Amino acid sequence: MSDVEVKEERARLLRSFIVPVAFVAICWIVKGIEVIFHLDFSFLGIKPLQADGIPGIFLFHFLHGSWSHLYANTLPIIVLGACLYYFYKPIATKIWLLLMFSSGLLTWCGARGGVHIGASALIYGLAYFLMISGFIRRNRNLIIVSLLVVFLYGSLIWGIYPKYAIENHISWEGHLAGLIMGVALAIVYRHEGPQREDENDNENDNDNENEDDDRYWDVPEPPKEELTQPRYFRH
């Protein structure tokens, strides 16, 4: 790999962190404002099936109940978000926004009473989108990403069990909404973004084979001068 390619790859990697880091920064700023000015923005969270809870469909991702809650969500958002933007750049922003809105909408429609806040729904959406997409697309690099996400965040599955979640004051409905939408978007957008590598390889191989076949049968004609001159053979 040349120096230019290395620089381009490094720039691409750095760009993949822009949106996740910006998102996390907003979350930290919001929490800082709450603490400094003794405010509580939880009223902007999701209140299921209530009109005043509709703004929370999009805003609840930015609100957290405590610093520990925010800290727990920070690293997964950055890691999973960077993976999304690095490996699925053509559709990354679309997937990010759809996950935010759709997981919030499902939570608003089907969660139990109360106020639901936190970026965990987005984390579940990103994790399961990355998990499923790699296997569906059968791209070797993306499958490795899927396995890595399973290894790092496979334990997220416990967050959708109602008994465990309720005991720990966790919105399992938000987690489940993110999981459902992550899987759904992985299936819906399976033909967009990076695709299976060996299909392109097969096409290239077929093209090369055809070229080789053409070259094999393409026997050059002898020059006209040789045809007109007598041939001599030694015995």
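## A bridge across the chain

Lys94 and Glu192 form a salt bridge, with their closest N and O atoms 3.2 Å apart. A salt bridge here is a side-chain nitrogen of Lys or Arg within 4 Å of a carboxyl oxygen of Asp or Glu. Lys94 sits in helix 5 (residues 89-110), while Glu192 sits in the loop between helix 9 (172-188) and helix 10 (197-217), so the pair ties together parts that are 98 residues apart in sequence. Helices are DSSP runs of H or I, at least four residues long, numbered from the N terminus.

Lys94 is partly exposed, at 36% relative accessibility. Glu192 is partly exposed too, at 33%. Buried means under 20% relative accessible area, exposed means over 50%, and partly exposed lies in between (1.4 Å probe, protein chains only).

## About the model

This is a predicted model: local features need pLDDT of at least 70, side-chain atom pairs count only at pLDDT 80 or more, and totals for chains, interfaces and linings use all residues. Residues are numbered from 1 along each chain as its sequence is written, and side-chain values use heavy atoms, leaving out hydrogens and water.

## Other salt bridges

The count comes to five salt bridges. One of them joins Glu9 and Arg12, at 3.6 Å between the closest N and O atoms. These residues are three apart in helix 1 (residues 3-15), so about one helical turn separates them.

Lys47 and Asp52 also pair, at 3.3 Å from N to O. Lys47 is buried at 16%, whereas Asp52 is partly exposed at 44%.

## Cysteines

How many disulfides does the structure hold? The search finds zero. A disulfide would need a pair of cysteine sulfur atoms within 2.5 Å. Cys83 is buried at 15%, and Cys109 is partly exposed at 43%.

Key:
Helix = DSSP H or I, 4+ residues; strand = E, 2+ residues; numbered from the N terminus.
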